[in-house]
Amino acid sequence: MHAHSLILPLFHTSTEGCDGVLGSGSVIDKCGVCGGRENSCRKVTGSFQNVTVPLGYHKILDIPPGATFINITERRASPNYLAMRSGTGASVVNGRWAVDPPGEYQAGGTTFTYTRPRAQAEGEEEKGESLRAPGPTTTQLQLYSQYFNIPVSPLSYLFIVLFSSSLYLFPNVYLFPPPFLSFLICLYDNLFLSSLPGPLTVSVEDPPPAPPPISVPSFPSSSSTSVFSPPSSDRWTPERSRSRGSAPNRNARIPPRTDLPPDTQPPFVWRRGGLTECSASCGKGYQNRVILCINRHTDEEVPERKCDSAAKPGPEEEPCNTHPCPPFWEASSWSECSVSCGPGVQQRQLQCRQSFGNRSTMVHPQRCANLTPLESTQKCQLGLCSHWEVGSDWSTCSVDCGVGRRTRSVRCISDQGSVVNEKECNSRARPQGSEECNMGPCVTNWYFTDWSNTCSAQCGPGVQRREVLCLTRGGVREGGGGGDCVGEKPAEMKACNGGPCVPTTMWYSSPWTQCNVPCGNGTQRRDIICVQKMGNDFTVTPASQCAHLDKPAAVQECEMEECEPQWFTTEWSACSRSCGKGLQMREVRCLTPDKKHSHECDFNTKPEQEQICNTIPCSPQVTDENCRDRRHNCVMVVQARLCVYSYYKTACCASCTQSAQRAKRH
């Protein structure tokens, strides 16, 4: 292995190279490296063939960090949409079931140009969507396609990836000339790469070895054939290849600087140490490189204040534990119940997810196929709907024997417990309200009760009674002449004797009369007479015959409801006019039971204090001053038609004259 000495030649031209040095002649190669030889990158291409997949987002591939000249294109137009999101799950283009307009979108440290085809001329095939970016990308990006159960249009992709991942640690690494670039790679390998998991071979003089194939995830489908065609890998070979038998020198030493005196080199320098613990156990975590202040001569760690703080390298974050985490089912919240009352169903969405670092992302459900699935539906009931309720037990059968019917109460009850119209309940679920009942075969025969306990006469001859029935078919009760019963009807009466009758005297009391007052305290009366009883016969006898007996009271006090104030009125006054509508007046007072004035009477029942009287129209005035009524009852004379007599005609001259004038007008 040959070491490169850093000798800066002199140039006499004024042309500035990509490295910022006049006359260097350095240009950026196809790998994006200033002064590169196009041997530090590889071109990754591939295509996504026609296939029909379910509705939703489906992953196509991962675009790694450091990718340049990115070009993803649909070969022909389709109703599907390209979609992209960052490695953290944030949407870049066409995420969350939304379609973004064409334009420029920032992602992964570069600018993606999203185009959508326009209508083409007739006969020209319409082009599909595309995503293009110059790169390089600084983080991993994920390419998706949003499907609508329509066969996918063929899709092609292309991007260029640098070999050495260590180049991403230096933001402006592409600006260094090739010799210094090789020096940086060797320096990084000797100082820092010893703690990284897995081997990494870097040679200063020789070009780097061929990188492993780029891993492109296969899309899950129902068949075993991947929907991706195998990606082709085009590598720009170096101008000088490594000699056969040589191996990369991992222990290459950095040539010491000879252009500075030894005593001018600082004794304390910053050095990168080991890595911190990984932030995630799976799914790609991150760990930081520890920066230590070291005594250059003794390699011992010293306090950081002894090193130049301005020269301290920035924090470095490296991925770790990139193996995928096991998938798991994630359930959303339960939906509302499908019905407002009664038994219903709740649903929730299930997603198969997988964690990558501190975030989780949705993956294809087939990855969770071996896990116990969660329930996506469950029963629910917010409350009772209107329902049937049996309100009573069965009634007795309608017949005593044979086949009859019995009934019971069936009601429709709301969820509030009130009785509602039967239309609000399910008629198919209504319990029976009536049914047949069988009381056994009917036997036609005479049935009778026991004899009464007492004789009809307290003394002397009397009778005892009982009820006799004939039960015919159907259970109809008949107490007549026997109906269909066989044999003679049993006797309903029999003779009895209460013993010899002895006359007895007693006071007889009539019922009490009503209370003599409508309210308050009053009295009631009744008649008391002495009677003689002989058997069932009563005879009134003188009161002296009952003198030896205690005579019942003939008067007793009675108490009605409490008296309240009531309205009292006077007689109506005389009418104010004899004709032509007069007015009568009377006084109305509210008095208490002890006849004192009160204001507690009900004014809704107050009698009228005024009324209209003598509504007969008055006739024109009589001009003769001597013609006047000399009696007060002339109105009645006119009504009785007595004006034809000379006496009344003179005594009631005015009224009779007015009556005659009215008769002429009519």
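# A first look at this predicted model

## Starting point: Arg-406

Let's start with Arg-406, which is partly exposed because its relative accessibility is 27%. On this scale, buried means under 20% relative accessible area, exposed means over 50%, and partly exposed is in between, using a 1.4 Å probe and protein chains only. The side chain of Arg-406 meets that of Glu-435 in a salt bridge, with N and O 2.4 Å apart. Arg-406 sits in strand S21 (residues 403-407) and Glu-435 in strand S24 (residues 434-438), so the bridge ties together parts 29 residues apart in sequence. Strands here are DSSP runs of E with at least two residues, while helices are runs of H or I with at least four, and both are numbered from the N terminus.

Some ground rules: this is a predicted model, where local features need pLDDT of at least 70, side-chain atom pairs count only at pLDDT 80 or more, and totals for chains, interfaces and linings use all residues. Residues are numbered from 1 along each chain as its sequence is written, and side-chain values use heavy atoms, leaving out hydrogens and water.

## How confident is the model?

The average pLDDT of the protein is 76, and 74% of the residues score at least 70. That score is the predictor's confidence in each residue, running from 0 to 100.

Two stretches call for care. Over residues 1-14 the pLDDT stays under 50, and the model has 15 contacts there beyond four places in sequence. Residues 165-262 also stay under 50, with 149 such contacts. A contact means heavy atoms within 4.5 Å.

The whole structure has 12 salt bridges, each defined as a side-chain nitrogen of Lys or Arg within 4 Å of a carboxyl oxygen of Asp or Glu. Another one pairs Arg-353 with Glu-330, with 3.6 Å between the closest N and O atoms. These two are distant in the chain: Arg-353 belongs to strand S17 (residues 350-356) and Glu-330 to strand S15 (residues 328-331), 23 residues apart. Arg-353 is buried at 14% relative accessibility, whereas Glu-330 is partly exposed at 34%.

Arg-430 and Glu-422 also meet through their side chains, at 3.3 Å from N to O. Arg-430 is partly exposed, with a relative accessible area of 33%, and Glu-422 is partly exposed at 38%.

## Disulfides

There are 17 disulfides in the whole structure, counted as pairs of cysteine sulfur atoms within 2.5 Å. One of them joins Cys-397 to Cys-437, S to S 1.9 Å. The torsion about their S-S bond is about 85°, so this disulfide is right-handed. Cys-397 is in the loop between strand S20 (387-390) and S21, while Cys-437 is in strand S24, 40 residues apart. Cys-397 is buried at 15%, and so is Cys-437 at 11%.

Cys-412 and Cys-425 make another disulfide, with sulfur atoms 1.9 Å apart. Cys-412 lies in strand S22 (residues 410-413) and Cys-425 in the loop between strand S23 (419-420) and S24, so parts 13 residues apart in sequence are tied together. Cys-412 is buried at 1% relative accessibility, and Cys-425 at 7%. Further along, Cys-590 is joined to Cys-601; both are buried.

## The nonpolar cores

In soluble globular proteins, nonpolar side chains tend to be buried together. A nonpolar core here is a set of buried Ala, Val, Leu, Ile, Met, Phe, Trp, Tyr and Cys residues joined through side-chain atoms within 4.5 Å. The largest one has 25 residues, and those touching the most other members include Ile-70, Ile-72, Met-84 and Phe-112. Strand S10 (residues 155-162) gives the largest share, 4 residues. Beyond four places in sequence, Ile-72 is in contact with several residues, among them Ile-63, Leu-82, Leu-131 and Leu-143. A second, separate core of 6 residues includes Val-637, Cys-643, Cys-652 and Cys-656.

## A buried asparagine

Asn-295 is in strand S13 (residues 285-295) and is buried, at 17% relative accessibility. The side chain of Asn-295 reaches the backbone nitrogen of His-297 at 2.9 Å. Apart from neighbours within four places in sequence, Asn-295 is in contact with Pro-267, Phe-268, Glu-300 and Val-302.

Note on methods
Polar contact = N/O pair within 3.5 Å; in protein donor to acceptor, adjacent residues only side chain to side chain.
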